[in-house]
Amino acid sequence: MLEAGIINNKRKQTNKGRTVLGAAFGSKKLNDYINNNPSVELHPIDYVNNPIEIAKNDNMVSINSCIQIDLLGQVVSDTVGLNQYSAVGDQVDFVRGATMSKGGRSIIAMPSTAKKRLGIEDSSDCHRGKCRNYSEE
């Protein structure tokens with residue numbers, strides 16, 4: 001999306017026109033793209049994940065996923081019971097930064113619990129390539 005110009009960062013108030021990274025892991029293609037690219041900046045995590053810095057960009061939207069949510073609205077994104085599901089990360093920093101941003105908002109997405117109606121056994125299985133389509137049975 002960056003290469004195609006779909007994301008160009010021109011509406012940002014800080015680091016305008018630049019994609020800001022705290023780290024980058026991936027393919028040779030990714031490394032070649034970010035190497036000496038003036039539109040990509042690598043900064044320390046304490047800058048990239050700082051809610052105050054994030055909030056400086058108007059209309060900031062953070063979109064994060066979660067595994068579970070309780071009746072009080074507490075979100076779990078890294079564990080199921082005592083089992084570690086993913087790494088502990090920066091989700092709360094971006095939630096805070098986006099909600100502090102002028103016009104900003106934060107979205108927490110969950111796997112769907114719809115099953116037969118959508119023709120799948122369990123939406124979380126789809127993310128693991130194990131989707132089962134009931135309409136074919």
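Guide: Start with what gets counted. A helix here is a DSSP run of at least four residues, and a strand is a run of at least two. On that basis the protein has five helices and eight strands. Keep in mind that this is a predicted model.

Visitor: How many of the residues count as buried?

Guide: Buried means under 20% relative accessible area. Of the 137 residues, 23% count as buried. The accessible surface comes to about 10000 Å². Carbon and sulfur atoms hold 54% of that surface.

Visitor: Which residues of helix H4 are buried?

Guide: Helix H4 covers residues 91-100. Its buried residues are Gln-91, Asp-93, Phe-94, Gly-97 and Ala-98.

Visitor: What covers the buried residues of H4?

Guide: The cover includes helix H2 (45-48) and helix H3 (51-55). It also includes strands S3 (61-65), S5 (75-76) and S8 (105-109).

Visitor: Let's take Asp-93 in H4. What makes Asp-93 a charged residue without a salt bridge?

Guide: A salt bridge needs a side-chain nitrogen of Lys or Arg within 4 Å of a carboxyl oxygen of Asp or Glu. For Asp-93, the nearest side chain of opposite charge is Arg-96, at 4.9 Å. Beyond its neighbours within four places in sequence, Asp-93 is in contact with Asn-49, Pro-51 and Ile-54.

Visitor: How many salt bridges does the structure hold?

Guide: It holds three. Side chains of opposite charge can pair when their charged atoms come close.

Visitor: Why does the bridge between Glu-41 and Arg-18 count as tying parts together?

Guide: First the distance. The side chains of Glu-41 and Arg-18 meet at 3.2 Å, N to O. The limit is 4 Å, so the pair qualifies. Now the places. Glu-41 lies in strand S2 (residues 40-42) and Arg-18 in the segment before S1, so the pair ties together parts that are 23 residues apart in sequence.

Visitor: Are Glu-41 and Arg-18 buried, exposed or in between, and how do you know?

Guide: Exposed means over 50% relative accessible area, and partly exposed lies between the two limits. Glu-41 is at 21%, so Glu-41 counts as partly exposed. Arg-18 is at 30%, so Arg-18 is partly exposed too.

Visitor: What about Asp-32 and Lys-28: where do they lie?

Guide: Both sit in helix H1 (residues 28-34). They are four residues apart, about one turn of the helix. Lys-28 has 61% relative accessibility, so Lys-28 counts as exposed. Asp-32 has 46%, so Asp-32 counts as partly exposed.

Visitor: Why is Glu-53 called buried?

Guide: Glu-53 has 19% relative accessibility, and the limit is under 20%, so Glu-53 counts as buried. Glu-53 forms a salt bridge with Lys-56, with the closest N and O atoms 3.0 Å apart. Lys-56 is partly exposed, at 40%.

Visitor: Which residues make the nonpolar surface patch?

Guide: Met-1, Leu-2, Ile-6 and Ile-7 make a patch of about 390 Å². Met-1 lies in the segment before strand S1 (19-21). Its relative accessibility is 61%, over the 50% mark, so Met-1 counts as exposed.

Visitor: One last stop. Where is Met-110, and what does Met-110 touch?

Guide: Met-110 is in the loop between S8 and helix H5 (123-126). Not counting residues up to four places away in sequence, Met-110 touches Cys-66, Ile-67, Gln-68 and Ile-69. Its relative accessible area is 42%, so Met-110 is partly exposed.

Conventions:
Residues are numbered from 1 along each chain as its sequence is written. This is a predicted model: local features need pLDDT of at least 70, side-chain atom pairs count only at pLDDT 80 or more; totals for chains, interfaces and linings use all residues. Side-chain values use heavy atoms; hydrogens and water are left out. Buried means under 20% relative accessible area, exposed over 50%, partly exposed in between (1.4 Å probe, protein chains only). Accessible areas come from the Shrake-Rupley method with a 1.4 Å probe; for residues, only the protein chains shown count as cover. Contact means heavy atoms within 4.5 Å. Patches are made of residues with over 30% relative accessible area and no salt bridge: like charges are joined within 9 Å, nonpolar side chains (Val, Leu, Ile, Met, Phe, Trp, Tyr) within 5 Å. Lys and Arg count as positive and Asp and Glu as negative; His and the chain ends are not counted.
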